[in-house]
Amino acid sequence: MTMTYRLEPGLYSDVLFTQMLYFNIDLAEKLENFINPKKRAADMRFFRDCLTRFTPPADELCPFFEVADNRSFSFSVLYGHMIATQEFSLDAVKACLPDAQTMVQKVRAFYLPTEAYGELTELTAIKNAINTLPSSPLVKFHMLAMMIDPQPYYDALFASLTRCEAEMEAYYKANRAQLEAAKKSIKPADIAGYMEKCHGIAGGEATRDMTFSVMLVGKNAVRYVAGTHPIIILGSEYTARMAMLISEAIQPDIVKIGKALSEEKRVTILQLLLVEQEITAQQLLRRLDLSMTATHYHLEMLMQAGMLLARNEGRTIYYSLNREFFDRAPIVFDKFNSKEHFEV
């Protein structure tokens, strides 16, 4: 078992997280992946205090950082690119968004995927599609303005990330003792248990050749990314969040089940896996005529619900049905078939 520490995955998670905090701080439910439910009020005070330590991003950057449907462009696209390339730096972000036009294309693909909205070319059609999104009015306004004149948004994004990178590096240096204590507190046995219960990866395979990193601002984070070089990013107070995720994995969440099955494409993925047993994202996007972004989004929703397992073979990730989940799922619905729960 090899557990290798790297500073950068956690540091750049915190760079994006602090920008995200600014636009979502008034809606705690959007930050639930970074909150300990038992210390919710204290965590929100901590986050608000952190906001005073970093320069706030410009308001027009809200399309990059606002959370909608448990997703944000910053983590889904920008951090996703860092993970895919194993490069954690602003150079990686620039490789993902080399110019303003590419940025606009990726923002459109994130918010207005082709399979949902078709090919939009007229500005009026784009405006109408944007207005249907479950985003704030501020995001809708700046998305449309970005489509018309993207360069100021491109410049503002990289100016904000560059400034936050420098401020975060200074924050990490000032809190070096806390960082070192967090590194020492991380137990491989905890990670192995989490990987087995939540991701179906058992035994020594759970932590063999894994990179781990620490977040200081996102102190309750538990973020696992599969791949050729799997990474787990843990907040400095990760244990409560990890215990909650393990508990949720043992009993399926009926709300997550509903969200996962609310989209026909995801039901089709489950039906395909009944026949294929295992499938890759590349195979799925060809079979279902989806973009890579949409494919990963659907797979992520099914993974979050606990319906899928993932395993690595070289550089390829294979997805399969989580049979244990479907064995447990009927228990969730049994209570609705019990008369005693409806008597008054």
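Predicted model: local features only at pLDDT ≥ 70, side-chain atom pairs only at ≥ 80, totals over all residues.
**Overall shape and composition**

The chain contains 18 helices and 7 strands. Its radius of gyration is 21 Å, close to the 20 Å that the globule rule gives for 344 residues, so the chain is as compact as a globular protein of that length. Along the principal axes, the C-alpha trace spans about 55 × 55 × 55 Å.

Of the 344 residues in the chain, 47% are buried. The accessible surface comes to about 17,100 Å², and carbon and sulfur atoms account for 52% of that area. Contacts between residues at least 6 apart in sequence were also sorted by separation: 64% of them join residues at least 24 apart. As for charge, the chain carries 37 positive and 42 negative side chains, and the centres of these two sets are 4 Å apart.

**Helix α10**

Helix α10 covers residues 151–174. At 1.5 Å a residue, its 24 residues should span 34 Å, and the end C-alpha atoms are 35 Å apart, which agrees. Which residues of α10 are buried? They are Y153, Y154, A156, L157, F158, S160, L161, C164, E165, M168, Y171 and Y172. An α-helix has 3.6 residues a turn, so residues three or four places apart point the same way. The buried set in α10 includes L157, L161, C164, M168 and Y171.

Most residues other than glycine have a negative phi. Q277 has a phi near 70°, a positive value in a residue other than glycine. D289, which is not glycine either, has a positive phi near 55°.

Q277 sits in the loop between α15 (264–276) and β5 (278–279). D289 is placed in the loop between α16 (281–288) and α17 (292–305).

**Accessibility of selected residues**

| Residue | Relative accessibility | Class |
|---|---|---|
| Q277 | 45% | partly exposed |
| D289 | 68% | exposed |
| E237 | 32% | partly exposed |
| H298 | 5% | buried |
| S320 | 16% | buried |

E237 belongs to the loop between β4 (231–235) and α13 (238–250). It counts as partly exposed because its relative accessibility is 32%.

Where is H298 placed? H298 is part of helix α17. With a relative accessibility of 5%, H298 counts as buried. The contacts of H298, leaving aside neighbours within four places in sequence, are E263, K265, R266, I269 and L290.

S320 is in strand β7, which runs over residues 316–321. Is S320 buried or exposed? It is buried, because its relative accessible area is 16% and the cut-off for buried is under 20%. Beyond its neighbours within four places in sequence, S320 is in contact with L273, Q277, E278, M307, L308 and L309.

How values were computed: Residues numbered from 1 in each chain as written. Heavy atoms only, no water. Helix = DSSP H or I, 4+ residues; strand = E, 2+ residues; numbered from the N terminus. Buried < 20%, exposed > 50% of the residue type's maximum accessible area, 1.4 Å probe, protein only. Rg over C-alpha atoms; globule rule 2.2 N^0.38 Å. Contact = heavy atoms within 4.5 Å. Areas by Shrake-Rupley, 256 points an atom, 1.4 Å probe, with all protein chains shown as cover. Lys, Arg positive; Asp, Glu negative; His and termini not counted. Charge placed at Lys NZ, Arg CZ, Asp CG, Glu CD. Expected span 1.5 Å × (residues − 1).
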